[in-house]
Amino acid sequence: MTSSSSASQSKLTAPYGSWKSPISADLVSGASKLLAGTAVDALGRLIFLESRPSQSGRMVLVRASPENQDPVDITPEDCSVRTVAMGSESGGAFSVSGDTVIFSNYQDQRLYKKSMTSADSCPVPVTPDYGGPVVCYADGVFDQRFNRYVTVREDFRESSLNSTTTIVAVELDGYIWEPEVLVAGNDFYAFPRMDPKGKRMAWIEWSHPNMPWDEAQLWVGYIADNGEVHKRVCVAGDDPRIRESPTEPKWSSKGELFFITDRHNGFWNLYRWAESNNEVISAYSLNAEFSRPLWNFGMNSYEFIQRNEGENLIACSYRKRGRSYLGILDDVEGSLSLLSIPFTDINNITLGFSCLFVEGASEVHPLSVAKVILDDHKSKAVDFKTLWSSSPDCLKYESYFSLPKFIEFPTEVPGKTAFAFFYPPSNSDYQATIDEKPPLLLGSHGGPTFESRGILNLSIQYWTSRGWAFVDVNYGGSTGYGREYRERLLGKWGIVDINDCCSCARYLVDSGMVDGERLCATGESAGGYTTLAALAFRDTFKAGASLYGIADLRMLKAEETHKFESRYIDNLVGTEKEYFNRSPINFVDKFSCPIILFQGLEDMSVPPKQARTIYHALKEKGLPVALVEYEGEGHGFRKAENIKFTLEQQMVFFAQLVGHFKAADEITPIKIDNFV
């Protein structure tokens with residue numbers, strides 16, 4: 001008898017979907033910590049900002065400690081470090097210089113200054129009190145030349161929707177002054193970055209109806225002796241012959257400006273500015289993405305490092321065909337040396353003392369921060385140690401993990417393919433009968449200008465360890481595959497995305513990998529819209545779950561949403577007729593299967609009226625439908641109890657209405673209208 005057949009005989013045989021699993025909803029909700037930025041203090045210690053679902057999603061600044069010692073909270077319990085600038089859910093809420101941190105406090109949105117040398121020191125406000133959170137700040141940096149803090153400001157005092165966005169300077173002299181406006185006049189700003197001498201400032205700006213990944217401009221301003229910007233030069237984005245979206249400007253220690261843009265090959269690559277003749281020079285060209293869309297402030301995809309000879313190198317990461325790579329770029333020689341580390345997915349890089357702090361994950365590593373030490377030549381990684389993990393205890397469940405398979409499948413457009421990560425059912429204790437195919441849950445990511453990644457996600461493992469197959473689709477319009485792929489969705493949102501999702505499901509059915517009679521779909525935000533649209537306009541899926549999804553595109557356009565996304569869908573939809581034709585709420589008669597809806601009542605991006613409207617329409621039609629609303633939740637659920645409840649209710653909903661099995665967990669289902 002072979003070892004494989006022996007292992008098979010030791011497993012329990014039970015229907016797909018009914019398997020018992022130690023990857024519980026409690027485990028998932030506890031592991032739903034977010035990371036919203038890293039930095040380094042004066043002693044080279046890692047500073048990071050993490051969310052805590054068990055504390056209602058409070059964002060806490062933490063300092064990593066030496067081995068075998070617990071990390072230390074920097075911010076007090078009555079603070080949550082979070083900015084709402086640009087509708088941001090995270091990112092750009094703090095900055096560190098030496099032993100000082102400046103951060104945005106969620107409750108009043110004021111900036112506070114705190115010394116990190118003393119745990120007892122209290123945060124001190126450095127921006128005015130306007131009587132409420134009507135002015136917010138993000139993406140700031142210290143300006144040592146003038147002892148001030150340069151940051152993006154959004155001012156809602158004149159309009160709660162159409163805020164005035166500027167780059168301002170906040171004095172750090174111990175007094176609270178009205179911030180001085182340095183740059184103004186455009187709709188949006190990001191990445192204000194000072195050169196080493198404080199004499200030049202780079203920044204990114206863009207205007208409606210563009211999003212920053214559509215078209216943007218990189219500017220450099222020259223700082224006068226009085227601290228004002230007295231002259232400015234457009235470095236990239238002003239040539240009408242070149243459609244580009246520059247991002248992440250950064251000055252080297254020598255005062256050279258580097259940045260990332262997609263001007264030539266359609267991929268975000270590294271470039272350098274030749275100031276003398278205002279010329280943009282390629283630092284390295286590759287059909288891969290060295291950055292990602294600017295949804296949140298605080299992205300940091302590359303860092304400057306020094307070799308022993310004093311030579312400047314660039315530590316950077318890029319993505320190609322669903323995988324990340326970490327490398328060292330010598331832009332003088334035009335060479336890129338890859339580093340071998342366990343992460344296959346990388347977000348941000350922070351320079352430490354003789355090391356890199358890398359934020360990443362892999363198919364068996366949850367979102368983590370690792371300390372990577374390089375050799376003297378900066379060409380090899382000689383040590384890799386995890387300092388922070390979103391789920392430090394999850395590896396003990398590794399025998400239950402489903403490893404993602406990167407798949408490329410044909411779309412409805414001849415000759416064009418799309419991409420996804422497929423997770424087969426996996427449980428070391430169970431197997432199904434030979435003739436049974438598993439139910440499939442298809443996930444469509446939010447954005448829609450975003451990317452699903454093939455990493456260890458316990459929310460997905462919750463399904464696969466119970467006998468579900470899961471597929472995470474990067475439909476046309478997703479990022480990570482270049483501008484041409486990203487722009488497949490322009491004017492075709494609600495067409496390309498649902499076609500690709502349905503094509504992916506059919507591909508898996510035709511390949512014999514899943515049960516064609518038990519196909520379900522789920523999605524958050526824009527993914528919730530794709531789910532609802534697929535259920536309305538196609539007959540591929542048998543049930544769906546929409547988490548704060550969009551049911552009425554015209555309502556989203558007309559209603560109150562934050563400024564950053566207020567014109568987003570103009571380029572994705574098109575005419576008023578298309579707004580009507582692609583809104584699921586207008587075609588309730590075409591819905592034919594059960595739907596469960598989840599909605600935060602403080603959601604500013606997709607207001608609760610969206611979920612309520614489609615819920616009442618489907619209920620009146622007589623379809624099985626349920627609506628769950630959460631007090632105190634916005635666009636994305638942060639509280640552990642709500643994350644758990646959402647996951648469990650989706651499971652029992654699909655089991656009851658589609659799965660033809662009894663869920664293994666003891667879950668009390670909510671009331672489903674029109675279902676007995």
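**Notebook: burial, contacts, rings and cavities**

**Entry 1. Ser51.** I looked up Ser51 and found that it counts as buried at 3% relative accessibility (buried is under 20%, exposed over 50%, partly exposed in between, with a 1.4 Å probe and protein chains only). The model is predicted, and local features need pLDDT of at least 70, side-chain atom pairs pLDDT 80 or more, while totals for chains, interfaces and linings use all residues. Residues are numbered from 1 along each chain as its sequence is written, and side-chain values use heavy atoms, without hydrogens and water.

I place Ser51 in strand β3, residues 46-52 (helices, H or I of at least four residues, and strands, E of at least two, are DSSP runs numbered from the N terminus). Leu34 is 17 residues away along the chain, yet the C-alpha atoms of Ser51 and Leu34 are separated by 5.1 Å. A polar atom of the Ser51 side chain lies 2.6 Å from the backbone nitrogen of Leu34.

**Entry 2. Two further buried polar side chains.** I next examined Arg518, which is buried with a relative accessible area of 5% and lies in the loop between α5 (496-510) and β35 (519-524). Its side chain makes a polar contact of 3.0 Å with the side chain of Glu436 (a pair of N or O atoms within 3.5 Å; within protein, one must be able to donate a hydrogen and the other to accept it, and residues adjacent in sequence count only if both atoms are side-chain atoms). A polar atom of the Arg518 side chain also lies 2.8 Å from the backbone oxygen of Lys437.

Gln649, in helix α11 (residues 640-659), is buried at 2% relative accessibility. I note that the side chain of Gln649 reaches the backbone nitrogen of Ile670 at 3.1 Å.

**Entry 3. Aromatic rings.** I searched the whole structure and recorded 38 aromatic pairs (rings of Phe, Tyr and Trp, the last by its six-membered ring, with centres within 6.5 Å; planes under 30 degrees apart are stacked, over 60 edge-to-face and the rest tilted). Tyr175 and Trp177 form a tilted pair, because their ring centres are 6.1 Å apart and their planes are at 50°. Tyr175 is exposed at 56% relative accessible area, and Trp177 is partly exposed at 47%.

I then turned to Trp295 and Phe564, whose ring centres are 5.9 Å apart with planes at 80°, so the pair is edge-to-face. This pair links distant parts of the chain, 269 residues apart: Trp295 is in the loop between β21 (279-284) and β22 (302-306), and Phe564 is in the loop between α7 (553-558) and α8 (570-573). Both Trp295 and Phe564 are buried.

**Entry 4. Cavities.** Which residues line the largest cavity? I list Trp213, Asp214, Thr449, Gly477, Arg486, Glu487, Leu489, Leu490, Tyr568, Asn571 and Leu572 (on a 1 Å grid over the protein atoms alone, a cavity is a set of points where a 1.4 Å probe fits but cannot get out; lining residues have an atom within 4 Å of a point). The volume of this cavity is about 90 Å³ (the space filled by probe spheres set on the points, which are joined across faces, edges and corners). The whole structure holds six cavities of 30 Å³ or more.

I record three nonpolar, five polar and four charged residues for the second largest cavity.

**Entry 5. Backbone exceptions.** Most residues other than glycine have a negative phi, and most peptide bonds are trans. I noted a cis peptide bond between His208 and Pro209, with omega about 0°; Pro209 is in the loop between β15 (200-206) and β16 (217-223). The bond from Gly447 to Pro448 is also cis, with omega near 10°, and Pro448 is in the loop between β33 (440-444) and α3 (458-464).

Asn147 has a positive phi, near 50°, and lies in the loop between β10 (135-143) and β11 (148-155). Asn147 is partly exposed at 41% relative accessibility. Glu248 likewise has a positive phi near 50°, but lies in strand β18 (residues 247-251) and is buried at 2% relative accessible area.

Methods
1 Å grid on protein atoms, 1.4 Å probe; cavity = no way out; pocket = protein on both sides within 12 Å on 5 of 7 lines; lining within 4 Å. Nonpolar A, V, L, I, M, F, W, Y, C, P; charged D, E, K, R; others polar.
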